[in-house]
Amino acid sequence: MADIAKNGSMENAYSKIETANRYDSARSLPSQTKTLWLDALKSSIPEQEIRKILDLGCGTGRFTVALGKAFECSVIGIEPSSAMLGVAMSQSELHVEWKQGQAENIPLENGVVDLVFMSQVFHHLVEPQQALREINRVLTSAGYLAIRNGTREYNKELAWLRFFPEALEIEDKRTPSQQELKESVCDRFFELISQRTIYQLFAASYDEYFEKVSQRGLSALIVINDEAFQSGLQRFQDWVSRQPRNFPVYEPVDLFVFRKESA
Ligand SMILES: C[S@@+](CC[C@H](N)C(=O)[O-])C[C@H]1O[C@@H](n2cnc3c(N)ncnc32)[C@H](O)[C@@H]1O
């Protein structure tokens, strides 16, 4: 699915105010899940080398402030959707600078950040190679790129997705496999230094899982039509009603850490 039009428009599945306003409750992560991600990042990236982070496609800032706290440094959050950015900017944080922009044309000078973090953005890129050139440009000479993203191998483990065939088709088309993601990033500027799949706690119970999915904060559910969404939701609800109560729901998401290759 092409999120950013070739003419540079910043319109995408997250452009609407209603989507931005419900994103945080639809996709909130328990604090232990956020800690898990930040610990995983810190175990691959020497903290002392990180003085400035770019959270690219920061959305509502789900990770932006937490990244600055974890690495004790300043952070820039860049996001194309003004609606998502508006929610992010409502968190008044001294060490975060917010900017509107997109990965294919990053509004920063050369060599100004030590780590670029991209969470659930890679599969939205229309021109990934152009975005990688831009990431390489804004990174310092020994900088890092961390990509937190779903990969195609795991689409079948996302329980909700089985009930929305139209969304499954979108995800299967746009989500890279682990190998495709690594090959496109390592093609020119980067080397892979770590890779892992993290089963993150997403909801404390199936009821909470249903509640989150029903808020339609996942982009594949935003772009399918209302009828397809409602019928899938009905099937999903029937399935949820047969699951054990108070059973936590975990979902797999991958973390890839790359280091910039010396020229
Ligand atoms: C699933 S959300 C993830 C937001 C945030 N990183 C997080 O983990 O909560 C995907 C975000 O990518 C942004 N996005 C889409 N295309 C982009 C692009 N070409 N460059 C940068 N961000 C993009 C969307 O506007 C949206 O906010």
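Let's start with helix H5. Its buried residues pack against strand S1 (52–56), strand S4 (113–119), strand S5 (139–149) and helix H7 (178–186). Helices here are DSSP runs of H or I with at least four residues, strands are runs of E with at least two, and both are numbered from the N terminus. Contact means C-beta atoms, placed from the backbone, within 7 Å. Buried means 20 or more other C-beta atoms within 10 Å of a residue's own.

Two notes on the source. This is a predicted model: local features need pLDDT of at least 70, side-chain atom pairs count only at pLDDT 80 or more, and totals for chains, interfaces and linings use all residues. Residues are numbered from 1 along each chain as its sequence is written.

Which residues of H5 are buried? In H5, residues 128–138, they are Ala131, Leu132, Glu134, Ile135 and Val138. Down the axis of H5, they fall within an arc of 160°, so they line one face of the helix. That arc is taken over directions from the helix axis to the C-beta atoms.

Now leucine 218. It sits in the loop between helix H8 (206–214) and helix H9 (219–223). Leucine 218 counts as buried because it has 21 C-beta neighbours inside 10 Å.

Next, the ligand. There are 23 residues around it, and Gly57, Gly59, Arg62, Ala103 and Ser119 come nearest. Near means a C-beta atom, placed from the backbone, within 6 Å.

Last, the whole chain. It has 10 helices and seven strands. Of its 263 residues, 36% count as buried. The C-alpha atoms fill a box of roughly 55 × 40 × 40 Å along the principal axes.

Methods: Buried ≥ 20, exposed ≤ 12 C-beta atoms within 10 Å, placed from the backbone. Contact = placed C-beta atoms within 7 Å.
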